[in-house]
Amino acid sequence: MRKLIVVSLATVFAAASGCDRQPKPAESGVATPADTGGSAKGDFGPPQGEPIKAVLTSPPLVPPPVDRKQPAKVIVELEVRELDMEISEGVRYNFWTFGGTVPGSFIRVRQGDTVEFHLKNHPDSKMPHNIDLHGVTGPGGGASSSFTAPGHETQFTFKALNQGLFVYHCATAPVGMHVANGMYGLILIEPPEGLPKVDREFYVMQGDYYTVGKYREKGYQAFDMQKAIDENPTYVLFNGAESSLVGDKALKANVGETVRLYVGNGGPNLVSSFHVIGEIFDRVQFEGGTRYQENVQTTLIPAGGAAITDFRLEVPGSYVLVDHSIFRAFNKGALAILKVDGPENKSIYSGKEVDIDYLGDKAGSGQAAVSEAAQATVTSGAPTREQQIAAGKTLYSGTCSVCHQVDGAGLPNVFPPLAKSDYFAQDKERAINAALNGLQGKITVNGKEYNSVMPPMSQLNNDEIANILTYVMNSWGNPGGVVTAGDVAKVRATTKRPEGAAH
């Protein structure tokens, strides 16, 4: 009897505490999940009016709200394209896409709409493809109705019964390979009353990628099936490329605005711990559904899942979007930037902003120089010294300057100076070894003893280390010279590393 009373009280408390923070009923006479505990199917009768052609947008853009009171027939036309695109600076990959982008085009409809879906497969494609929309009620989510050969088009119809934010993806065998090549996107099925209004909406989707070459290894990289089976991605990225949402492509908003992020996770393997550094989500519709949580720091998004995050911007600066499985952010690429402009508010935040602590080599305005050097490596085999110095300056600012300082002066009695350094002047190979393999124990630089630790930078590739060292050797009164990627490769080849260690 006592146990029954405890359970009953717990049930009453849960109902009371949650009743004011879940979706409210829609207009009179329309059943919503708030009325039915989340199980309502949104069949609001046949479509009304003339058919509507859906507005599709490429990431990070989102179509405008539906803003309709009645269900309609909505025509969605989506084309599969197999495209050779950049996944990282100087690294190309053959993506399979919905709509020519990764993720695919954003689709936005209203609960109760009848969707006539047209899937086209471009004649240049080499593979057949289909689409499985998680927002479809029916076996396969549309996959069995949409198997489409190159140069062909298929069509099927479904009613959008459940509101929420849903993943779609290709489900042609081998399914994992199609998804890993970028074949995923989001479809938003709005509630009849629409979502609460915000100032800006953005579309961000995470995916994990498996290449034969190592992280940032230049040139064309093929898909590695064994890495995918082992769930050991080379890259973990937002919107399909390291450069997709940084620099000039960063998301932009203003102080005082409300922002909504539609965040998906295409997988195919990893769960995302999605976090915005320096913000707290005011509201998260977890798992893309109708229930929500408030004041959330980090939200889990499963592979094949989504979330809707809302927050208000109080102070300006660079807000960094990451997968908080943190090595994925700083060593596999899962990093994006929301750049917020507007007046400071010292009562809320007084500190100075140091982009390089979080943004690494994505900070500042030198990405064009890094791209130019990377392109020269691919096209002509090696960049010029001037190109190396320019690229090395950007890479240094994000990799080395926190300890050794922007001016190379180091920190007295802690980190040795790189400016006018006899350590660099005496032996180029020793400098390469220090950058590549790290240092531990006492060393003497410019007549002073230092006893700190420098971690190995072996995750950097040969040309990145070469560019950084060339920049250092030609700056701050150092003697000059050039370090080539070949020089670094020779030192790397003589370094024994445990199995599985960074290259």
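Select P64 first. It is found in the loop that runs between β1 (52–53) and β2 (73–88). This is a predicted model. Is P64 buried or exposed? Its relative accessible area is 53%, and the cut-off for exposed is over 50%, so P64 counts as exposed. Now show what surrounds it. Setting aside neighbours within four places in sequence, P64 is in contact with V55 and R108. E201 is 137 residues from P64 along the chain, yet their C-alpha atoms are separated by 9.1 Å.

Next, the sheet. Select β12, β10, β14, β19, β16 and β17. These six strands form an open sheet in the order β12-β10-β14-β19-β16-β17, with mixed pairing. Which strands stand at the edges? They are β12 and β17 (293–296); each has a single partner strand, so one side of each is left without a neighbour in the sheet. On average, neighbouring strands of this sheet are turned by 25° against each other, direction ignored.

Zoom in on β12, residues 235–238. Both of its faces are covered. Y235 and L237 lie on one side, V236 and F238 on the other, and all are buried. In a regular strand, side chains alternate between the two faces of the sheet. Now bring in β10, residues 200–209. β10 and β12 pair in the antiparallel sense over four bridges. To find one spot along β12, pick L237: G207 stands opposite.

Move to β14 (residues 258–267) and β19 (residues 305–312). How many bridges join β14 to β19? Eight, and the two strands run antiparallel. Click V263 to follow one of the pairings: its bridge partner in β19 is A307.

Now jump to helix α11, residues 428–437. A side-chain oxygen of D427 reaches to within 3.0 Å of the backbone nitrogen of E429, at the start of α11. Colour the buried residues of the helix: A431, I432, A434, A435, L436 and N437. At the other end, G438 follows α11, and its phi is positive, near 80°.

Show the side chains where they meet. From α11 come K428, A431, I432, A435 and L436; from α12 come I465, L469 and M473. An α-helix has 3.6 residues a turn, so residues three or four places apart point the same way.

Technical notes:
Residues numbered from 1 in each chain as written. Predicted model: local features only at pLDDT ≥ 70, side-chain atom pairs only at ≥ 80, totals over all residues. Heavy atoms only, no water. Buried < 20%, exposed > 50% of the residue type's maximum accessible area, 1.4 Å probe, protein only. Contact = heavy atoms within 4.5 Å. Polar contact = N/O pair within 3.5 Å; in protein donor to acceptor, adjacent residues only side chain to side chain. Pairing = 2+ DSSP bridges. Axes fitted to C-alpha atoms, helices over the stretch in contact; angles between N-to-C directions.
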